[in-house]
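Please read them with the structure open.

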Amino acid sequence: MGVVGVLAGLSVLSILTYGYLAWDSLGLGPGGTEAARAGMGEEPGVSSPSSQPHIIFILADDQGFRDVGYHGSEIRTPTLDKLAAEGVKLENYYVQPMCTPSRSQFITGKYQIHTGLQHSIIRPSQPNCLPLDNITLPQKLKEVGYSTHMVGKWHLGFYRRECMPTQRGFDTFFGSLLGSGDYYTHFKCDSPGICGYDLYENDSAAWDHDSGIYSTQMYTQKVQQILASHNPRKPIFLYIAYQAVHSPLQAPGKYFEHYRSINNINRRRYAAMLACLDEAINNVTLALKQYGYYENSIIIYSSDNGGQPMAGGSNWPLRGSKGTYWEGGIRAVGFVHSPLLKNKGSVCKELVHITDWFPTLITLAEGQIDEDIQLDGYDIWETISEGRRSPRIDILHNIDPIYTKAKNGSWAAGYGIWNTAIQSAIRVNHWKLLTGNPGYSDWVPPQAFSNAGPNRWHNERISWSAGKTVWLFNITADPYERVDLSTRYPDVVKHLLRRLSQFNKTAVPVRYPPKDPRSNPKLNGGVWGPWFKEDEKKKKADKRKGVNKQKKNKNKKKTN
């Protein structure tokens, strides 16, 4: 009996850890793949004949620029290093400085100024989401026959049902709606007393999955189940938006093994989280190979923004951090791994932005981009795969008209072209211009062996020059933003200010509504979820308007 009990315990542990239960029930566990596929009417060993590639987009959360092995980190990332080395490393790749902006630009191919999400992030209690008139990447992929699945963090709003992932193009969704939460319990408090559960399967709270599994591992199991049950002869789009390595800093104990020597507790926890994430991506890659997807797949890896040094991340030697428009906030770890690449094992130093994935992936999927969609992204597949020049020459990092104004900013400082009190940043060719208050601007050396906090990097701190609201850098020559050239090249400053002004003329109003008390999870069964319902009086009024309109139209016809 003792032996049987031990074996049973090991069996359950295996199921929880690797998610084989779903595979075996489908006949797709180790050794069962070919037989099951034959049962579906497929020939064993036959790979997908479709010219449409399987697309796997993996988005890490708050991973710093330095926090990958091939950028010199002390944190081991063997999977990421190998995939990047065999693919194409993107070493001039830009995202946005925070969660919601990067995700919205990836899924729409549009800058924030064109969706109204140019300020901050979508807060849990805000009646706000990615505007419903924006067509999304999964919607376009569904048009050409793709099965679309999202696993992980949404963070594009959920106040009404129409904002949910399954209403924005995904066949299935498993993950969280908010920006952060506990990795084990999936609870999140927006403010004292305003707390709720945040784990969803499609449009309902996933209470059945509340078994205390660490989210990085749980999401990986879900991905494995999706791949096991899908037919690899049909194209699939998998958007895997891991919660890691965003705070709170939590990780299973075994991942701390190699990092006991890191004295800084936040860095140590962060390292363990990243080690777990690296292993998860290895398991996803193995599943792609095991179930017959890999040879016709494109794997894209990206961080959503720079790291947060106070929460264990490192962007060294770049300046600034998450939430800022310095390079440390917006220059990201990114690579493409695919058997379909022509120039494998190469480095791409051409300008690439997160909005570029929208047109690039639709074109690869043999889809059509509607002429009336005003995109800010470019098709950069030939740039990545063949080493050609990028069609992109500029990036609007953002214009945020409601961010705290720089006290000394003025139209005069902007040569009458631009009010430099406004927070904005733009890149044109080699030049980068920042105005207003760009955010925390220090260079933070690696914190692996210190608990000293800010004292450790006091020599790198910046004392703000009185009245300074304009900065200009040649990013190609000075990627660390140490030499401000704004006074030396006033004509370049004027040129970039004009570009900012041109972009601003196309901006839509900012969407940043106040909190809605109806969002409280206590009013929704203890769950964060859609709460907005149209007022019944308004509905009746709209009905009356419609009836009156019909009567008027009838009277007009009679008169005619």
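1. **Largest pocket.** This is a predicted model. Its largest pocket has a volume of about 360 Å³. The lining counts 16 residues, and N92, K349, R427, H430 and T476 lie closest to the pocket centre.

2. Seven charged residues line the largest pocket, along with five polar and four nonpolar ones. Which domains supply the lining of the largest pocket? Domain 1 (54–392) and domain 2 (399–506) each give at least three residues.

3. The structure has one cavity of 30 Å³ or more. The largest cavity holds about 80 Å³ of space. Its lining includes the run L178, G179, S180, G181 and D182. K153, H186, D198, Y219 and Q243 are also among the lining residues. By class, the lining of this cavity splits into six polar, three nonpolar and three charged residues.

4. **Main core.** The largest nonpolar core has 107 residues. Which of them touch the most other members? They are F237 and W357. Helix 8 (residues 265–290) gives this core its largest share, 13 residues.

5. **Second core.** A separate core of 31 residues is also present. Y94, L485, V492 and L497 are among its members.

6. **Around F237.** Look at F237 with its neighbours within four places in sequence set aside. F237 then contacts I55, F57, F106, L137, P138, L141, Y146, S147, T148, H149 and F170. As background, nonpolar side chains in soluble globular proteins tend to be buried together.

Terms used
Residues numbered from 1 in each chain as written. Predicted model: local features only at pLDDT ≥ 70, side-chain atom pairs only at ≥ 80, totals over all residues. Heavy atoms only, no water. 1 Å grid on protein atoms, 1.4 Å probe; cavity = no way out; pocket = protein on both sides within 12 Å on 5 of 7 lines; lining within 4 Å. Points joined across faces, edges and corners; volume = space filled by probe spheres on them. Nonpolar A, V, L, I, M, F, W, Y, C, P; charged D, E, K, R; others polar. Domains from an automatic or database assignment. Core = buried A, V, L, I, M, F, W, Y, C linked by side-chain atoms within 4.5 Å. Buried < 20%, exposed > 50% of the residue type's maximum accessible area, 1.4 Å probe, protein only. Helix = DSSP H or I, 4+ residues; strand = E, 2+ residues; numbered from the N terminus. Contact = heavy atoms within 4.5 Å.
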